[in-house]
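Subject: Structure for your files

Hello,

Here is the structure you will be working with. Please open it alongside this message; my notes follow below.

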Amino acid sequence: MPPAAPTAVPPAEATGWRRLLGDSPSGVWVFIDQGVVSLANFIAPVLVGRYAGQEELGFFALGFSLYFFALGLARAMVWTAYTRRSPQLPQERRAAYAGSATVHLALVALAACLAILAIAGGAWAIGASRYAGLLLVVAPCTAIMLFREHARRIDLARFDFFSVFGFDLAVAATQVLLLAWLAATGRMSAGAAFLSLGGASLLAFGWMTLRRETWTIDWRTVLPDWRENWSISKWLTGGATAVLLGKEGYSWLLSAAYSIAELGRLGAGRILVQATNPLVIGGSNYLGPISARVQAEEGLHGLWRYTVRTTLAMLIAIGAFLLGVAAVGEELVCAVMKESAAGVNTTLLLTYSAGVLSEALLIPIEFASVNRGRGRLMFQTAIVRLAVNVLIGFGLVGVFGAEAIGVGMLLGSLVALVWQWASFAQEVRHA
């Protein structure tokens, strides 16, 4: 069995309600917290679609594809190594390491902002002023939203799940209030929605200031920490780039080959699978630190047992969800999204949900690969996934439209899943 998860807040450090709530199992707070975050993120496209229409929802989805790309690279370059290394360091070294990670994240956020601004410049040069205007907003908001996620990651790595919950509750409430104001005043658009998300994420800077005891910048360690992290993350970064190019490339291909409204149709259907985010992302946030702990305390065979159990549990949950999508998915999307759900059908919902959730099924084995130091294997499987998406998935989308996106994602994920499990099984047999 995996080791018992730590409580959300060490009882010796908690008082009053904080101590009472902090004594709850940490896993409970991870999923409650992700429920809060996911609800706020669920509301954003719903309000954009209902109050601004399918085309604006398409622009919102296009902008979010760039944020997701930056988020994936930050996860690979900064947070994965931080989550893995931080618990292994002496207590007195952890604050400085968190400070180094903060500097690293700042550089990634700056690079992401500049890259999106460069894309905006290219869009302006070819006369796509509507795209350029949106990206001028997306660029700084992406950088700020990365800092919001970074503030969460520092506390997640410390197993301080109750603090993460308090922070996310404040950001989510602010975000929803801003979006509701835009909807009520008739100012809703893709750009305005991004400004709401970025504005709410500004709270991260105040939060990190209040939590200065958890991080401090020692410039003497910033570069050595980067070099040490890079030994872990270089293959992950290459793999993440390949996976993200395939996954997020679908949004740009769909808008170019068909229309931005077609991407809006996909965005309307996407809200259904977003309902699984509290479990999928919450599970990822929880499994990362716990998987590292199982590897450290129980070794390779303990990690195998833990990974098998979590994968089977996810597979059962995914199957049940897809049955629900087939039964009532189309009716639910139409009820929530109203006119912006025009053209959404059960085929789109099933294929896209299966594709997205097949990637979620990779989460346990990929954490196991990271903790076993198999970054090169993850890079190799990511390259194959990119090849499958480009050679098969992109071609299918050109013929069948949005309904084929999930098929390409599913095929790529299955290749990676089989390859990584075969490698893990072989390693366990020879241990």
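Does Ser-233 count as buried or exposed? Ser-233 has a relative accessibility of 0%, and because the cut-off for buried is under 20%, Ser-233 counts as buried. Please keep in mind that this is a predicted model.

Ser-233 sits in helix H9. Leaving aside residues up to four places away in sequence, Ser-233 is in contact with Ala-76 and Met-77.

Val-243 belongs to helix H9 too, which spans residues 219-257. Val-243 has 18% relative accessibility, which is under the 20% cut-off, so Val-243 counts as buried. With residues up to four places away in sequence again left out, Val-243 touches Ala-382 and Arg-385. Glu-331 is 88 residues from Val-243 along the chain, and 32 Å separates their C-alpha atoms.

On the chain as a whole:

- Secondary structure consists of 15 helices, with zero strands.
- A compact globule of 431 residues would have a radius of gyration near 22 Å; the chain has 21 Å, so the two agree.
- Along the principal axes, the C-alpha atoms fill a box of roughly 55 × 50 × 40 Å.
- Buried residues make up 55% of the 431 in the chain.
- Among contacts with a separation of 6 or more, 81% are between residues 24 or more positions apart.
- The accessible surface is about 17,800 Å², and carbon and sulfur atoms account for 68% of that surface.
- There are 31 positive and 25 negative side chains, and the centres of these two sets are 5 Å apart.

In soluble globular proteins, nonpolar side chains tend to be buried together. The largest nonpolar core in this model has 112 residues, and within it Phe-60 and Leu-146 touch the most other members. Helix H3, residues 54-85, gives the most to this core, with 18 residues.

Which residues does Leu-146 touch, not counting residues up to four places away in sequence? Leu-146 is in contact with Tyr-67, Ala-70, Leu-71, Ala-74 and Trp-79, and also with Leu-105, Ala-109 and Ala-112.

Regards

Conventions:
Residues are numbered from 1 along each chain as its sequence is written. This is a predicted model: local features need pLDDT of at least 70, side-chain atom pairs count only at pLDDT 80 or more; totals for chains, interfaces and linings use all residues. Side-chain values use heavy atoms; hydrogens and water are left out. Helices (H or I, at least four residues) and strands (E, at least two) are DSSP runs, numbered from the N terminus. The radius of gyration is taken over C-alpha atoms; the globule rule is 2.2 Å times the number of residues to the power 0.38. Buried means under 20% relative accessible area, exposed over 50%, partly exposed in between (1.4 Å probe, protein chains only). Contact means heavy atoms within 4.5 Å. Accessible areas come from the Shrake-Rupley method with a 1.4 Å probe; for residues, only the protein chains shown count as cover. Lys and Arg count as positive and Asp and Glu as negative; His and the chain ends are not counted. The place of a charge is taken as NZ of Lys, CZ of Arg, CG of Asp or CD of Glu. A nonpolar core is a set of buried Ala, Val, Leu, Ile, Met, Phe, Trp, Tyr and Cys residues joined through side-chain atoms within 4.5 Å.
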